[in-house]
Amino acid sequence: MPSTGRGNGWMHPEDIASNDHREAYKFYECPALAGEMAAALASASIVFKDSQDYSRKLVHGAEVLFKFATREQGAKFTGVADPSSVYYNSNDYWAGAWLYCATGNSSYQRFVTDPSVADHSSAFSGGPDRGVLSWNKKHTGAQLLLTRMRMFLGYGYPYEEMLRRFHNQVDEIMCSYLPGFTNFGRTPGGLIQLNHGKPGPLQYVVNSAFLTTLYTDYLEALNMRGIHCGPKFHANKDLRSFARTQMDYILGKNPRRMSYVVGFGNHFPQYVLHRGASIPKNKKTSCQAGQKWRDSLEPNPNIIVGAMVGGPDRKDGFRDSRSNYNYTEPTIAGNVGLVAALVALSGEGTAGIDRNTMFYAVPPMFTTRPPPPSPWIP
């Protein structure tokens, strides 16, 4: 029973007893979820690289989970018997890419540049969600990470062809975010509709702002002025402008003049769907009895500062009510993206890109020569 969410149990998270009933699902075949965990542990090992023992433990856990995730057909992950793969079908090469960064082991490099792995997870498919990074679709994040490898490490044969495909796709995705392209609609106030008008758009918007800013940092680190979108050239300032205008919308520059980040500005949601925020501080209550606070018509007694809610509808409308989670529910996935986007934008023009730390475990590259051509036969 987490502190956010829309379940029937409603009480302070710190009041939940260890013996309270909590619904759980039991899976015996979860390679896709194992891949998600492997990616998390591998990336964390880079963050904690200066704590060598802890970092090694994280890498070990990541490798064990990755082995489980890819065990069914050797290096070709299928996830056929895995119910979770419906939701986490991109975690095979997402995990492999992070493990390569964390270990420098070329087997992971071969894995993520194996065309069959990308094809299985529909890495290059079109469709309405192409370019949308979310809690259950990591394609765009993985492709940007692999593009970073290509841009800063300078791979050649035999990895270049696949890495170039990822890089080209990243360029196309960045173009799709820009005004004038029809992949995604916009509200009258200018908010991009990455989920095509469905509820809770902001978690996808902040992810796109983060990715765009990060990629622009890569371009500027290499003295590249921008990208081509078909015949038209878009400068780096166009990419940064997209990210800034989307974040400005979220922080209050929108038709309602409302900040969708609680506690920021003077006008923000007062009825956030959050257990801890909606129950008075000193009120102890049971799981069911606490529902009166969930259903109360009074504003939240506690301000959950910094939490981003689900956001407005496709017409910039917003209903500030705990009874409609589509508008007022803050999610972990959404707020992680918010922090990432704000950090990326706050360092604009000052921080630059650290080319080394991400790849500290990757050994020096020695480009493999392609095989010689077959002898000419008259």
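Which residue forms a salt bridge with Lys-237, and how far apart are the closest N and O atoms?

Modeller: Lys-237 pairs up with Asp-238, and the closest N and O atoms are 3.5 Å apart. A salt bridge here is a side-chain nitrogen of Lys or Arg within 4 Å of a carboxyl oxygen of Asp or Glu. Before going further, bear in mind that this is a predicted model, where local features need pLDDT of at least 70 and side-chain atom pairs count only at pLDDT 80 or more, while totals for chains, interfaces and linings use all residues. Residues are numbered from 1 along each chain as its sequence is written, and side-chain values use heavy atoms, with hydrogens and water left out.

Back to your pair. Lys-237 counts as exposed, at 58% relative accessibility, while Asp-238 is partly exposed at 23%. The cut-offs are under 20% relative accessible area for buried and over 50% for exposed, with partly exposed in between (1.4 Å probe, protein chains only).

Now look at Arg-240, which has a salt bridge with Asp-217, the closest N and O atoms being 2.6 Å apart. That pair links distant parts of the chain, with Asp-217 in helix α8 (residues 202-221) and Arg-240 in helix α9 (residues 236-250), 23 residues apart. Helices (H or I, at least four residues) and strands (E, at least two) are DSSP runs, numbered from the N terminus. Both Asp-217 and Arg-240 are buried. Glu-220 comes in too: Asp-217, Glu-220 and Arg-240 are linked in a network of salt bridges. As a general point, side chains of opposite charge can pair when their charged atoms come close.

Strands β3 (residues 226-229) and β4 (residues 232-235) run antiparallel and are joined by four bridges; strands pair if DSSP finds at least two bridges between them. Ile-227 has His-234 in β4 as its bridge partner. Two residues sit between the strands, and Gly-230 in the turn has a positive phi of about 65°.

Glu-36 lies in helix α1 (residues 31-47) and Lys-138 in the loop between α5 (115-120) and α6, so the pair ties together parts that are 102 residues apart in sequence. Glu-36 is partly exposed at 22% relative accessibility, whereas Lys-138 is buried at 9%.

As for α6 (residues 139-153), 13 of its 15 residues are buried, so this helix is largely enclosed by the rest of the structure. Just after α6, Gly-154 takes a positive phi of about 65°.

Zooming out, the structure holds nine salt bridges. The protein chain has 13 helices and four strands, and buried residues make up 49% of its 378 residues. Of its contacts (heavy atoms within 4.5 Å) with a separation of 6 or more, 70% come from residues 24 or more positions apart.
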